[in-house]
Amino acid sequence: MKTWLAIAIAVIGLVVFALTVNWWLQPLLGFLGANAEVIQTLADAIQIMLWLAAGLILILGWRRRPQSQSSSSSVTEIKAKAKDDGVIAQDQSVAARQLAVGKDFYGNVIFVADPDDLWQHVRRRLPDAQLKAATQAYLEHLVDKYQYLDFRGMGVIDRAPLRLSLTQMYVALKARIEMPEGETWARQLHLAGRKMTDEEAEAVGQRLSEPQPVLQLLQKHDDLIILGDPGAGKTTFIKYLTLMLATGETIGLDVRLPILVPLSAYANALSEKDIPLDQFICTYYNRRGVDLPLRAMLDEALNQGGALLLLDGLDEVRDQSQRHVVVERVTDFFSTQRRRGNKFIITSRIVGYREVRPNVEGLNECTLVDFEQDEIELFIDKWTTAIEQAARGTTPVAKEEAGREQEELLQAVALNPGVRQLAANPLLLTILALMKRQGVTLPERRVELYRQYIDTLLKNWNLARGLGRPPTRDLDLVETIRVLAPLALWMHETSPGVGLVKQGEMRRKLESIYHDRGLPEPEQAARQFLEDVRGHAGLLLERGPREYGFIHLTFQEYLAAVAIAQQGQRSIDAVAGILATHVGEETWHEVSLLTVAYLGIVQQRDEAAGAVVQTLVERSPGEPGEAVVLAGEAVADAWPGGVTYHCRDTIVKAVSHTMTDDRQIDARRRAAAGRVLAKLGDPRPEVLDPLQIEWIDIPEGAFIMGEGDDRHEVLLPEYQIGRFPITQAQYQVFVSDGGYKHKDFWREAKRAGIWGDGLVKGRFDGEPRAGPLVYGEPFLLDNHPVIGITWYEALAFCRWLSERTGTNINLPTEAQWEKAARGEDSRVYPWGEDIDENLCNYDKTGIGTTNAVGCFPGGASPWGVEGLGGNVWEWCLSKYADYPYKDDVRNKVDASDARRVLRGGSFGPTAQLVRCACRDADHPVGWHHDGGFRVVCAPSGL
């Protein structure tokens, strides 16, 4: 039934009832026994209510008339268009602003915006039949073109179709917008995996805001220029906007007609003849199959101020003089059309923009920022869910597989800094996810990941990334790598950490490379190479006027490593010599690791890779211990398979010696050696196995406890104390053995209300947990002290270990801890009277995290107990109480909230807090990112 007819019937019915109320109400009430006065009063009241109801329905119906008309029309359109596909669309609330036009790849209903609704918002009246038909066909074209993410050319999924909804997969981009004079933001911006140069910073402006969602910026500002690194998501964002508006979703914007045009295509048209932008837009779409009278639609939208112009890729206008022409035409068009209320978005890379920056009022500039962890996690969540639904549907199996894939991808990003850097770029994150799905192991085989990236970018990216680029020929992959690798090495030598070189210098280097390769015309080959790589690859980019760099510094580092490894075809001496020259240089660290990995993994020359690292250890260039640490990192990076077992064993011994050599090697390098040893596999059972703790005997006798006025003598019986604090590996044995589930270990914790059903919740925990708090590397490395545990957790570990060993394992009392630290001569620090940065890990040492146990042998106490000053605070059994110390109720184990003693300081505090006599305390439900414990074996149990 038509909406207007229903309204008319309702109003007429109410009017009839109102006019005849005395005729039908009086007999009814009389029959019920009401008197005449009551009958007349009720009749008057009901008549007034009926008149009001009729008037209200009439007013509401009139106000809803345009929408109702559109809705009824839309329902008809839905039924007609969906009929052939078997789509049933009966919900008029859905049809109010959209039309169903069929089904997508997965059988879902496809909607486009209702042209009637669009034009009513734009010009306040319905379109004629021709305009409506043109608009609907145009919107259907946009939806058909942009509804899926475009994976063409990414290589790894060419064997099977993959269609993921752009709207479902889209992750909101953030940007910094240039602020008015006087508003500044202290920044350390990065671009392509490195810090921005001064020229690049100037291109994006000196006053930048905190990151904000780009869509919010668009809602606040009429017009935007979006600047971003290659692969940062500029084109995907404007495709997303186009799709949302084409499907009737305004996303906080006014209802507008989206018009998306690549400026590179406009530049090509201008090179043939001078053509206005609006005329070119119609020509552009007509040539792409939209064979409709779009001119009337475009003119109407522009004249009424209802268009959103999305002009993509100002940087892709390759000739700089041509860019100026395009900017001039766009600026003129913008100035005219903005006054009518039309909205503009222009995108460009950062470098190359400054020279053609439009000098026009009203265009606000913003710069896209890298994905942060939240955006990476959101993308991976969307990705894995969509992939499994596409493969298996919305089934429990699909959900389970999506969860597993999501966890593996997140681990790949989290466990490898190199992968994390690449994942911050949306394009490179997408390729990462695609490769992970194809079975490439990401964290263990970083060098293989980079190789796959290079292959993908060289072979295919240009086929998909732009809006207006026609397909071009593929580059010869092998030949291109043979040229790019020595070029990347030269760039890294010329501009380490920045990776930008001038075109003339690059051309001359290419000529030299081609000359060495024996080509007859190296000059012509160099020119052609620059043309091919710049135009077809997307890997090596023109980042500024006549200035080149890689899309990401990681790829320059990888290719430089390839070039070094290739010099080892006949002898490894050349490879070892290059790496030895750069030991200790931060900008060459990743290149060195990748060189060894490329030799051992990609070239499968494990003996050659091992010979390189062993040569580095033998020559030991750089500061003492530096080459050994680098060699250890390279072996850990290439293991397993990248080097021989003999090489690994040799390097483990060298790293172990470096970690404990506090006479020749500084503390920070020893700490680095400890981290490397954990990754190689620490060979010390006393550090990894809780059943093989190395005990230090503390003899019976008196010692002086406290300092100053608190000094007093305490007599203690003999006991044993662990040489090191309990490590992550030792504590994980307790966790894996079900230690958190054994109720007898948690009696007091249960009474205190922090343990139940195998889970602990400390004072600051958001959720109960079944293990220590996780702080990531290096804190979680096996040979580092366990941290992030409450006093109750340390107590439970002691009870578990007592049960496993059949001995009485306790937390040390405060007196036991202090005697083990200062001996019988009442020394200030475990090693003596003066602080020494080389003997313990505190703030001045500069490590900034926990260290592997055993890195400070010179800082041992008189008895040989290590790590009692710095590294981690250690829980003691004792409650905090005033001196003199008495072995009374202060050592009682109970569920009270009385504060328990912490001793030893940590890596963060000052020298004052690592003294033997320094005391601190916290409630037993507290935990610390720098707090752990060690254990004693004593006569009495818990």
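Helices here are DSSP runs of H or I with at least four residues, strands are runs of E with at least two, and both are numbered from the N terminus. The model you have open is predicted: local features need pLDDT of at least 70, side-chain atom pairs count only at pLDDT 80 or more, and totals for chains, interfaces and linings use all residues. Residues are numbered from 1 along each chain as its sequence is written, and side-chain values use heavy atoms, with hydrogens and water left out.

Start by selecting tyrosine 146, which sits in helix 7 (residues 129-146). Tyrosine 146 counts as buried because its relative accessibility is 4%; buried means under 20% relative accessible area, exposed over 50%, and partly exposed in between, with a 1.4 Å probe and protein chains only.

Next, some backbone geometry. Most residues other than glycine have a negative phi, and most peptide bonds are trans.

Go to glutamine 604, where phi is positive, near 55 degrees. You will find glutamine 604 in the loop between helix 26 (589-602) and helix 27 (606-619), and it is exposed because its relative accessible area is 66%.

Then pick serine 826, another residue that is not a glycine, with a positive phi of about 60 degrees. Serine 826 lies in the loop between helix 35 (814-822) and strand 22 and is buried, at 17% relative accessibility.

Two cis peptide bonds close the tour. Tryptophan 639 and proline 640 are joined by one, with omega about 0 degrees; proline 640 belongs to the loop between helix 28 (626-638) and helix 29 (645-660). Finally, select tyrosine 883 and proline 884, whose cis bond has omega of about 5 degrees. Proline 884 is in the loop between strand 22 (873-879) and strand 23 (900-903).
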